[in-house]
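Here is a short walk through one protein model, written for someone who likes cut-offs spelled out. Have the viewer open as you read.

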Amino acid sequence: MNRENVIVGVLLITGLFAPLHLSQQGRPGEPELQTLRRELEALKEGQARIEKQLQEIKNLLNAILASRPTEPREVMLSMDGAPWKGVETAQVVLVEFSDYQCPFCARHVRETLPQLERDYIQTGKVRYVVRDFPLPIHQQAFKAAEAARCAADQGKFWEMRAQLFQNQGALGIETITQYAQTLGLDLSKFQQCMQEERHAKAIRRDLEEGRQVGVRGTPTFFLGSLEPDGTRVKVQRVIVGAQPYAAFKEAIENLLAAPRQ
C-alpha cells in the first residue's frame, strides 16, 4: 500500500473529508487525489493563520501580565525632539511609548488621556511626552508614526495623532494624505516628508531606546522627573497597558507628594 492510499484511508476514517468516489480497484482516482491535495493545502494555510493569531495573543498576554506598576532601576529616558504637551516646569513627566495600530493605545487616548489632560496636563502638574514604538505585527504603524511627525513639522502633531487613532482601520498612504488635507497641511511638503522618510531614523531610535528600557508592548508609560539638563527624565514608575485613570492618578499623586530631590 503506497503513502497516498494510507493518507486517504486515515482521512476517511477520521471524517475530516467527505467520502470520495473510488475506482473499481478500490483506489481513489486522479480527480479525488487532486481534491485531497487542495484540501491539505487549505489545512496548511489555516494552520499558518492560527499560528500567527496565537503569536499576537501571546504578545498581548505578555503585556497584560506585566501590567502592574513597577519600580525601575536607574532608568533615564531622553525627551530630545519628542512631541510633548503641558508646561516645561511641570513636576512630573509622563512618557508614553505608543503604536498607532494598537487598540489598547487607542483606548488610552479615547478614555484616559482626556482625564489626564483636564486634571494634570492643563493644570501644569504633568508634562506629557510621546515616543514611538510601532510593533512588527502592525504593518502600517511605522508609516503612521512618520505621518504624525511630518504633521508635527507643520505644527499639527496632536491633530494628526487624533486622526490616526480615530481611523485605525484606514492607515494607508492615500488615506493618511487625506487626513493631512483635512487638517489643512501643505500637501506637497507633507508628501515630500513622507517620501524622504525624514523621521524614520528618529522612530527607529525610539524603538531601540524603548527596548533597552524594557518596553515589550504598547502602550507603556514611564513616569518621573525632569533632569536639570531639560532633555532627560529620571524614571520612578512604570505602567504597562491601557490602565484605568485611577492607576495613573495614584501614581502621579504619589510622585507629586514625594519630596523634590
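## Contacts and overall make-up

Residues 24 or more positions apart account for 73% of the contacts in the protein chain with a separation of 6 or more, where a contact means heavy atoms within 4.5 Å. The chain has 9 helices and 6 strands; these are DSSP runs numbered from the N terminus, with helices being H or I of at least four residues and strands being E of at least two. Of its 261 residues, 42% count as buried. Buried here is under 20% relative accessible area, exposed is over 50%, and partly exposed is in between (1.4 Å probe, protein chains only).

This is a predicted model, so to speak of local features a pLDDT of at least 70 is needed, and side-chain atom pairs count only at pLDDT 80 or more, while totals for chains, interfaces and linings use all residues. Residues are numbered from 1 along each chain as its sequence is written, and side-chain values use heavy atoms, with hydrogens and water left out.

The mean pLDDT (the predictor's confidence in each residue, from 0 to 100) of the protein chain is 85, and 81% of its residues reach 70 or more. Over residues 1–24 the pLDDT is below 50, and this stretch has 27 contacts in the model beyond near neighbours in sequence. Residues 63–72 also have a pLDDT below 50, with 17 contacts beyond near neighbours in sequence. Where pLDDT is low, the predicted coordinates should not be read in detail.

## The nonpolar cores

In soluble globular proteins, nonpolar side chains tend to be buried together. A nonpolar core is a set of buried Ala, Val, Leu, Ile, Met, Phe, Trp, Tyr and Cys residues joined through side-chain atoms within 4.5 Å. The largest one has 42 residues, and Leu94, Tyr100, Leu116, Met160, Leu164 and Phe190 touch the most other members. Helix α3 (residues 103–121) gives the most to this core, with 7 residues.

Take Leu164: leaving out residues up to four places away in sequence, Leu164 touches Tyr100, Ala144, Ala148, Leu171, Ile176 and Tyr179. There is also a second, separate core of 17 residues, which includes Ala82, Val93, Val215 and Val240.

## Helix α4 and its partners

Helix α4 (residues 141–152) and helix α5 (residues 157–166) have axes that come within 7 Å and cross at roughly 150°. Axes are lines fitted to C-alpha atoms, for helices over the stretch in contact, and angles run from 0 to 180 degrees between N-to-C directions. That makes α4 and α5 roughly antiparallel to each other; the classes are roughly parallel under 35 degrees, roughly antiparallel over 145, roughly perpendicular from 65 to 115, and oblique for the rest. The contact is made by Ala144, Ala147, Ala148, Arg149, Ala151 and Ala152 of α4 and by Phe157, Met160 and Leu164 of α5.

α4 also meets α7, with axes that come within 9 Å and cross at roughly 140°, so this pair is oblique. On the α4 side the residues are Lys143, Glu146, Ala147, Cys150 and Ala151, and they meet Phe190, Cys193 and Met194 in α7.

Val92 sits in strand β3 (residues 92–98) and is buried, with a relative accessible area of 1%. Beyond four places in sequence, Val92 touches Lys125, Val126, Arg127, Gly224, Ile252, Leu255 and Leu256. Val92 and Ile121 are 29 residues apart in sequence and 9.7 Å apart in space, C-alpha to C-alpha.

Arg131, in strand β4 (residues 126–132), is buried at 3% relative accessibility. Leaving aside neighbours within four places in sequence, its contacts include Leu77, Ala82, Glu96, Arg205, Asp206 and Glu209.

Which bond joins Thr218 and Pro219? A cis peptide bond, with omega about -5°. Pro219 is in the loop between α8 (200–212) and β5 (220–226).

Glu197 has a phi near 50°, a positive value in a residue other than glycine. Glu197 is placed in the loop between α7 (187–195) and α8, and counts as partly exposed at 43% relative accessibility.
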